[in-house]
Structures are given as structure tokens and as C-alpha cells.
Amino acid sequence: MDKETVIKRIEEVGIVAVVRAENADQALKISEACLKGGVNALEITFTVPGAHRVLEALSNNYNSDEIILGAGTVLDAETARIAILSGAQYIVSPYFEEETIRLCNRYRVPCMPGAMTIKEVVHAMEAGADIIKLFPGEINGPQMIKAINGPIPQAKLMPTGGVDIDNVHEWIEAGAVAVGAGSSLVGGAKTGDYNLITEKAKQFVNIIKETRNKK
């Protein structure tokens, strides 16, 4: 799948599931529960033990029409390359790291570095970032999207952190091209309630669709 198509599909679904887990098996179960609920953009974080094997398994078990597979908590270019070779279609980082963006651009893989300020957003865009992960989102809230997009309307922003069922509509209304949802979406895994994850996924997808239809 080419770079532009991956970005377009992430924007269309409007939500990326941030998958953190205690082990690879749990990460796979979380991923499957999200997919059942309609959230097909997954970010397998490299805090998961054996994250590259989770990426390989999902890449082998699902085709590109069923899943948009990404890697998260990527701290350096070496990890980004491992993730790409394991099947990751996009790379997400918690902060700006130029060599990671350079590597992603070399292989035409979408890159989403984290940023908190307008200066960091512009710096990442100049380096070739495709979508800026506004992180941590709960620090400034949805108003930060409008604050950045005012002078920089071309910035594609995806908040992660602090996004939940109750406020996701505010983020979309503010102009987020998508949101990243972690514990508010996949928290059911802590008690083994994967059906809850599926239901949460459905709720997120429906709210995002409804909010966009009102705009």
C-alpha cells in the first residue's frame, strides 16, 4: 500500500488504537477486539515485549484491506526499520527524532512524530512528517488543535493522550484529522474483557462519524 493511501485510510477511520500490553498474546487479542469493533488502524507500541513479532503475526493474518498496521513508541531509526521490515505501514513516535523521519521518507512510510508546541509542529513538518501526533493531548486539550491550525491550517494533527468516548467529538470538531486512543479504548484487557474493547471501538467509530456528518 502506498504512503498516500495509508494516510488517507487513517484519516477516514479517524481513530488509531494505541495497543500497549503485557505480552505479545495480549497485544494480539487487543488488536483482534479493535478490528471487530471497526477500528482497523492499529499502533503496536514497542513497549510490548516482542512487538516486532506481533507486527509480523498481524501482517501475515490480515490483508491490507482489513488492517492499517503501524508501530508506536518508536524512539529511533533502528527501531523504525525493524518495525517496517516486520510489516508496519506507518511509524509513530512520542517526540521529534529527525533520523527516524529521514528513514521513513527514504522508504516512503508515513511518519507521525510527537509534538507539544507550534515550534515543534513546524519543525517536524519541515523535516517531512506526514501527521503530527499532538502528545500528550490532555495537557492542553482540544483547544490546542485550533490554536495551532489558526496560523498553520496545513498541519495535520492527531492527538493522543486524554482522548475518550466523552470528549472525542470535541477533538474532531476542533480539527483533528484522527485521534489516538489508548487505555480509554483498550483498558478492558486488564480484566480480560475483550468484548468491552470491541464495544468501545464501535462507540468511538460511531461518534467520529456522527461528529463529521454534523460539520
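In which loop is threonine 73 found? The views below take you there and to a few other spots in this predicted model, where local features need pLDDT of at least 70, side-chain atom pairs count only at pLDDT 80 or more, and totals for chains, interfaces and linings use all residues. Residues are numbered from 1 along each chain as its sequence is written.

**View 1. Threonine 73 has a positive phi, near 50°.** The loop between β3 (68–72) and α4 (77–85) holds threonine 73; helices (H or I, at least four residues) and strands (E, at least two) are DSSP runs, numbered from the N terminus. Threonine 73 is buried, at a relative accessible area of 18% (buried means under 20%, exposed over 50%, partly exposed in between; 1.4 Å probe, protein chains only).

**View 2. Arginine 108 also has a positive phi, about 55°.** Look for arginine 108 in the loop between α5 (98–106) and β5 (111–112). With a relative accessible area of 44%, arginine 108 is partly exposed. For background, most residues other than glycine have a negative phi, and most peptide bonds are trans.

**View 3. Phenylalanine 135 and proline 136 are joined by a cis peptide bond.** Here omega is about -5°. Proline 136 sits in the loop between β7 (132–134) and α7 (143–149).

Conventions:
Heavy atoms only, no water.
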